[in-house]
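Keep the structure open beside this report.

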Amino acid sequence: MNDDLEPEMDLAEQIFVLLREQPEGCSEYQLIQQLKSRHSTHIPNLPLLDKLVLFRTHFLVFNALYRLRDRLRGENTHDLRISPLCVQLQPYAPGASAIVENDPLRDYYLDMANLRDTDESEVERLLASFWSRMRGDHPGERNDLSDPEQKRAALELFELDQDAASLTLHTIKRRYRQLVSIHHPDRGGSTARIQSINLAMEILQRYYR
């Protein structure tokens, strides 16, 4: 499980390898972390704090997922569930490829111009949505992320080492105040970024009381 992914594989094939190893599926966040830990060179190996890093990583992963789903359906071998909360290989269902014709999300992620042309306000909305999903705020969606995954994601946003013996709620609150000061709208930040930081703080308070 700790072996590096073959560098000559494209991102879709690397994801296929990871999904075959976990038939129960995983979240988008877990998938990104697995790609990083197994040294994929196809996504940025950087913290998700930066909004452009988050958007680029998310877009590249979803582009690869939709390409992989098209390929698997074309080969009549598998289908693929694609959701931020659960990415999972599924049995092939005859006729599934017909659904592709009416899938605006597929069209969006397969158009690489959207990676280049998406404006900053849309990237900020994505960042806020990512942390809102992490907390489980979206109506009608069950948060399938395990608590340890939420904790790891929040600590990554805060750029804190989860394995540090000295990590306390006092340290986390100090870092929280620093981030709020840096990203406050009055200092050129955005409301969406502050919302993301607040959501991550709520997650961390569950663990460090």
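Start with Glu 13 and Arg 71, which form a salt bridge with their closest N and O atoms 2.8 Å apart. Glu 13 lies in helix α1 (residues 11–20) and Arg 71 lies in helix α3 (residues 51–74), so the pair ties together parts that are 58 residues apart in sequence. The model is a predicted one.

Side chains of opposite charge can pair when their charged atoms come close.

Is Arg 106 buried or exposed? Its relative accessible area is 17%, which is under the 20% cut-off, so Arg 106 is buried. Asp 70 is partly exposed, at 23%.

Now return to Arg 71. Its side chain also meets Glu 75 in a salt bridge, at 3.5 Å from N to O. Glu 75 is partly exposed, with a relative accessible area of 44%. A search of the whole structure finds nine salt bridges.

| Salt bridge | N to O distance |
|---|---|
| Glu 13 and Arg 71 | 2.8 Å |
| Arg 71 and Glu 75 | 3.5 Å |

**How α1 meets α3**

Two packed helices are described by the angle between their axes and the distance between the axes. How do the axes of α1 and α3 cross? They come within 8 Å and cross at roughly 75 degrees. The two helices are therefore roughly perpendicular to each other. On the α1 side, the contact is made by Leu 11, Ala 12, Glu 13, Ile 15 and Phe 16. On the α3 side, the residues include Leu 60, Val 61, Ala 64 and Leu 65. Arg 67, Leu 68, Arg 71 and Leu 72 of α3 also take part. What kinds of residue are these? The contact of α1 with α3 has 10 nonpolar residues, no polar ones and three charged ones. Glu 13 and Arg 71 both belong to this contact, and they also form the salt bridge that opened this report.

**The two strands**

Strand β1 (residues 78–81) and strand β2 (residues 88–91) run antiparallel, and four bridges join them. A hairpin connects β1 to β2 through six residues. Look for Arg 81: which residue stands opposite it in β2? That residue is Gln 88.

**The whole chain**

Now step back. The chain has nine helices and two strands. Along the sequence, the pattern is α-α-α-β-β-α-α-α-α-α-α. The chain has 209 residues, and 46% of them count as buried. Consider the contacts between residues at least 6 apart in sequence. Of these, 61% join residues at least 24 apart.

Note on methods: Residues numbered from 1 in each chain as written. Predicted model: local features only at pLDDT ≥ 70, side-chain atom pairs only at ≥ 80, totals over all residues. Heavy atoms only, no water. Pairing = 2+ DSSP bridges. Salt bridge = Lys/Arg side-chain N within 4 Å of Asp/Glu carboxyl O. Buried < 20%, exposed > 50% of the residue type's maximum accessible area, 1.4 Å probe, protein only. Axes fitted to C-alpha atoms, helices over the stretch in contact; angles between N-to-C directions. Parallel < 35°, antiparallel > 145°, perpendicular 65-115°, else oblique. Contact = heavy atoms within 4.5 Å. Nonpolar A, V, L, I, M, F, W, Y, C, P; charged D, E, K, R; others polar.
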